[in-house]
Amino acid sequence: MGVLVIGLDGASPVLIHKWIDKLPNIKRLSESGVHGILQSVVPPASVPAWQCFATGKNPAKIGLFGFATISRDKRLIKRQAGPDIGCIWDLSSQQGFKVGVFNVPGTYPAYPLNGFMVCGFPVPPGKDWAYPRDLMKRLDRAVDGYEVDVPLTKPSEMRGGEKAYLSQVERLHSKSLQSALLLMDWYQPELFILTFQGVDMVQHDFWRYMDNDASAYANVVQDWYVKMDAAIGDLTRKVSRDTYVLIMSDHGSVPVSTSFHVNEYLRTQELLVLKNEKKVRHKGASYTKLRELILRNFPPGSINAIYNRAPNFIARRLTTSAKIERFLTDLIENVDWNRTQAFSTGGVQANIYLNADHHENSTRDLLLSQLCQMLRALKHPTTGESLRTVFHFRDEAFSGPYTSEAPDVCVEFFAGDQKIHVNPGLGSGKVWSFEPHLSAEHVREGFWSITGPGVKAGISLDAGILDLAPTIQKLLSLRVSRDSDGKVLDEIFQVPVGLVAE
């Protein structure tokens, strides 16, 4: 194998540093190579972050800003990542390398390449999730039923609560690791890129217990970092010493303080107006209720079977991704677009769009300035202290043919070392919530480490997630596309390696 990339979705460099002596494999790889903070894209979400990593391009060049979004003409956009956006595995495959892509979020649908692809979440129930197609049956037999994802959102929604949820995440991880090891044996890929979801899944719900020594779940997050480190050990033992090993997270995570209902706030400022201010119509509410009924009343082990055996048109509507699409559809159908000046699609940041139908450039700039002043003035609802507000403006964060689809501004709110969760829902009538949906939220600061022949040892270096694909291309002696936003990290090598740009 030439290059092995192990993705740890959501892994925090702060927690890795804190627990490094309990993570012998990450420690070994970091000390024998280069490691540091990996700056993710805006927005720091699994989609588009993994696709931006794989292409070295910002979201506006590949047309992905999340799992779904709203177009400027108020349509739902669900764009899929295919071979045309120039992922590192496609470029390598085209040059004759045998490649493997496993469990990378946002890779559905699988498509032909020189090797194999097993899709990461989200995958519609009942749909093919691997190429070649017969690989699905082979993996199913090998791991007693392969699972792409846990079809649940949080422990409080399911029968059995936290304990049952952890059991589901453990089962998913065990099958993912077993599958990855088998795929290495079956295909012997020269470039293998895989991700594990467990850390991100448990952080979202169990970070809140980390400082509560009396809780039975106080060590859950730490235990999962240890578990991921063990998986890294299992994988790296199967490759030779001349293999480049890259460990990375697509984003980091921090604890959540409270929830900010951004669209409800925009309503209070008369920037967002509903068609019916007294009642919000929720499309597909019956499917939401059916999903909640299934999660609360059926044993967790049987839920996958229910999803897989239900008719596709029903099963598809019960997934988390469908829930996101229903929210965006609710926004499109409930908002009075003739009177609305700004709205948010939510996300791990407040992705805010100005209603361009009503604004020339001069008035748009004035509205954006006024909006930012209002958001800067927000106080924490409990302490009354000013929030630290971080703005990512469209013209600074995005460039490419899809820039017009990007939010006008993405806003992050912090209270000390905690982040404010953004809730874009309509109809609650409240601006703040003290029962946030999550206990941890994404931030741009992730982790990375690389080791291999000619890589400097024991060096600390911060990098950008867009720099990794060009650097991998250099390791494989591939041409780096001229429209790449990232750069080759030449400083990690003991001796400069030749590079050709196309």
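In this report, helices are DSSP runs of H or I with at least four residues, and strands are DSSP runs of E with at least two, each numbered from the N terminus. With those names in hand, welcome to the structure, which is a predicted model.

## The overall picture

The protein chain contains 17 helices and 20 strands. It has 502 residues, and 59% of them count as buried. Its exposed surface comes to about 20900 Å², with carbon and sulfur atoms supplying 49% of that area.

Val34 is 425 residues away from Ile459 in sequence, yet their C-alpha atoms are 4.7 Å apart in space. Leaving aside residues up to four places away in sequence, Ile459 touches Gly33, Val34 and His35.

Now let us look inside. The largest nonpolar core has 58 residues, and Val118 and Trp129 are the ones that touch the most other members. Helix H7 (residues 161–187) provides the largest share of this core, 10 residues. Another core lies apart from it, with 44 residues that include Leu38, Cys52, Leu246 and Ala463.

Which residues does Val118 touch, not counting residues up to four places away in sequence? The list runs through Val101, Phe102, Asn103, Val104 and Thr107, then Trp129, Ala130, Leu135 and Leu139, and ends with Tyr146 and Leu183.

Gly56 follows H3 and has a positive phi, near 75°.

How are packed helices described? Two packed helices are described by the angle between their axes and the distance between the axes. Here are two pairs from this model.

| Helix pair | Angle between axes | Distance between axes |
|---|---|---|
| H3 and H17 (residues 468–475) | roughly 35° | within 5 Å |
| H2 (residues 24–31) and H9 (residues 220–236) | about 60° | 7 Å |

In the pair of H3 and H17, Phe53, Ala54 and Thr55 from H3 meet Leu468, Ala469 and Ile472 from H17. By residue type, this contact has 5 nonpolar residues, 1 polar and no charged.

Turning to the other pair, H2 and H9 pack at about 60°, and they are therefore oblique to each other. On the H2 side, the contact is made by Pro24, Asn25, Ile26, Arg28 and Leu29, while H9 brings Asp229, Ala230, Ile232, Gly233 and Thr236. The contact of H2 with H9 divides into 5 nonpolar residues, 3 polar and 2 charged.

Tyr108 and Pro109 are joined by a cis peptide bond, with omega about 0°. Pro109 sits in the loop between strand S5 (99–104) and strand S6 (115–119). Tyr131 and Pro132 are also linked by a cis peptide bond, with an omega of about -5°. The loop that holds Pro132 runs between strand S7 (130–131) and helix H6 (135–143).

Two residues other than glycine have a positive phi and can be viewed as a pair. Lys74 has a phi of about 65°, although it is not a glycine. Look for Lys74 in the loop between strand S3 (69–70) and strand S4 (76–77). For Glu270, phi is near 60°, again a positive value in a residue other than glycine. Glu270 is in the loop between helix H10 (262–268) and helix H11 (285–297).

Are these two buried or exposed? Lys74 is buried, because its relative accessible area is 14%, under the 20% cut-off. Glu270 counts as exposed, because its relative accessibility is 61%, over the 50% cut-off.

Key
Residues are numbered from 1 along each chain as its sequence is written. This is a predicted model: local features need pLDDT of at least 70, side-chain atom pairs count only at pLDDT 80 or more; totals for chains, interfaces and linings use all residues. Side-chain values use heavy atoms; hydrogens and water are left out. Buried means under 20% relative accessible area, exposed over 50%, partly exposed in between (1.4 Å probe, protein chains only). Accessible areas come from the Shrake-Rupley method with a 1.4 Å probe; for residues, only the protein chains shown count as cover. A nonpolar core is a set of buried Ala, Val, Leu, Ile, Met, Phe, Trp, Tyr and Cys residues joined through side-chain atoms within 4.5 Å. Contact means heavy atoms within 4.5 Å. Axes are lines fitted to C-alpha atoms, for helices over the stretch in contact, and angles run from 0 to 180 degrees between N-to-C directions. Angles under 35 degrees count as roughly parallel, over 145 as roughly antiparallel, 65 to 115 as roughly perpendicular and the rest as oblique. Ala, Val, Leu, Ile, Met, Phe, Trp, Tyr, Cys and Pro count as nonpolar, Asp, Glu, Lys and Arg as charged, and the others, Gly among them, as polar.
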